Amino acid sequence: MNNRTVLLTHVSQLLTLRGENVPRRGPQMRDLGIISDGALLMGDGKIVAVGIADEVGRHELAANAEEIDCRNKVVLPGFVDSHTHPAFTSPRLIDFEKRIAGASYEEIAEAGGGIRSSIRGVREVTTEELAKYVLRALREMAAFGTTTVEAKSGYGLSFESEMKSLQAIRLASEQWPGTVVPTVLGAHVVPPEYRDNPDAYVAMVCNQMIPTVAEQKLASYVDVFCERGAFTPEQSARILQAAIEHGLKTRVHVCQLTATELAPLLKFHPASLDHMDFVSDADIATLARSDTVATLLPAANYFLGLGRFPPARKLIDNGVVVALATDYNPGTSPTSSMPFVLSVACTHMKMSPAEAVSAATFNGACALELQHRKGSLEPGKDADIAVIDAGDYRELAYWLGVNRCERVFFGGREI
Ligand SMILES: [Zn+2]
């Protein structure tokens, strides 16, 4: 299976996203490098050739390849979902129903909902049980065409439960053919045990959790929720500093609920700053000069019923690198569907369908620093590919709540 040579041919629209391996900005996001009547040849897990069907068909390896006719199909790089929280056990139905009825955050917490219910769930299960939930999420994501996923811990919020969450992510990723990039989000919120002494929790994250995660290679990134009610910029800086000192890379949840100045965070060269609903004009100008990706998560705004969405237009038009991700999580964004995120990005953030595709593939790969391997269809890159039952790529964002993904290849392996 792994080594088979496959030729996808007569593709109506082959979205190559070819170009330099640098983050796409502004007008570059609208150039998908589309080949009509295209073909893609893959073998040994990699893309071998990409081009017009007639030309690729003459490649020496094409003769013995398994041929798949892709007339009336769109073929694109597998989605890179660069922000997810899959390590939880239960949906948050109390939150859902209470919020619809107009309950406040405090009332939801009193009724037994909120993040505390997720923490209880994670603390109670075994690593193997938790891994099953993670694997189910990964499989759902794959069904929508996602081949690379960033997966955060962050519902254990004790040393043991965060380690368990990361081990569950590792276990699940070993059983999934796609690529998983693990992130430790021990600093999601201050756990109830530390409510009166949040600095003691920050110290534990810095002095125990991060060193152990680094030593056991359980995560590539450290993430912090820098927000009112979570961690202050100063506490966040301490955590990011500990990450750097232990050889881990950084990313930050920021500007979701309130405006936060980005300069103190950008010192740590985060791969991405995520949410960015309340980013200032001055910080947009700063970001446009950096390679830090602004990862927008509009499914969360949708699910919370907010009228307000992240300022995608302003970010893109000013040259900031923008990515899209699901933010898959039980509290604010219970969706595994990247096409749904594309739809929300177009209808509510006024991104063009082409910009949304770039943000969900190549720029997502940039947010995970994997653009040399993922995010575009070019010879030598991983054969991570989605085949969509549509004649035009704009249908990806058009069909709402519908899954038109027909086939998915992970490093050349079709599942
Ligand atoms: Zn998140």
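## Strands and pairing

Two strands pair if DSSP finds at least two bridges between them. Strands (E, at least two residues) are DSSP runs, numbered from the N terminus. This is a predicted model: local features need pLDDT of at least 70, side-chain atom pairs count only at pLDDT 80 or more, and totals for chains, interfaces and linings use all residues. Residues are numbered from 1 along each chain as its sequence is written, and side-chain values use heavy atoms, without hydrogens and water.

## Strand 14 and its partners

Strand 14 covers residues 385–388. Strand 5 (residues 74–77) pairs with strand 14 in the antiparallel sense, over four bridges. Here Pro77 faces Ile385 of strand 14. Strand 15 (residues 405–410) also runs antiparallel to strand 14, joined by four bridges. Cys405 in strand 15 is the bridge partner of Ile388.

Both faces of strand 14 are covered. Ile385 and Val387 lie on one side, Ala386 and Ile388 on the other, and all are buried (under 20% relative accessible area, with a 1.4 Å probe and protein chains only).

## The zinc site

Which residues coordinate the zinc ion? His83 (NE2), His85 (NE2), His253 (NE2) and Asp327 (OD) do, at 2.0 to 2.5 Å. Donors are N, O and S atoms within 2.8 Å of the metal (3.2 Å for Na, K and Ca); water is not among the atoms, so sites may look incomplete.

His83 in strand 6 (residues 79–84) and His253 in strand 10 (residues 249–254) are 170 residues apart, so the pair links distant parts of the chain. His83 is buried at 0% relative accessible area, and His253 is buried at 3%.

Methods: Buried < 20%, exposed > 50% of the residue type's maximum accessible area, 1.4 Å probe, protein only.
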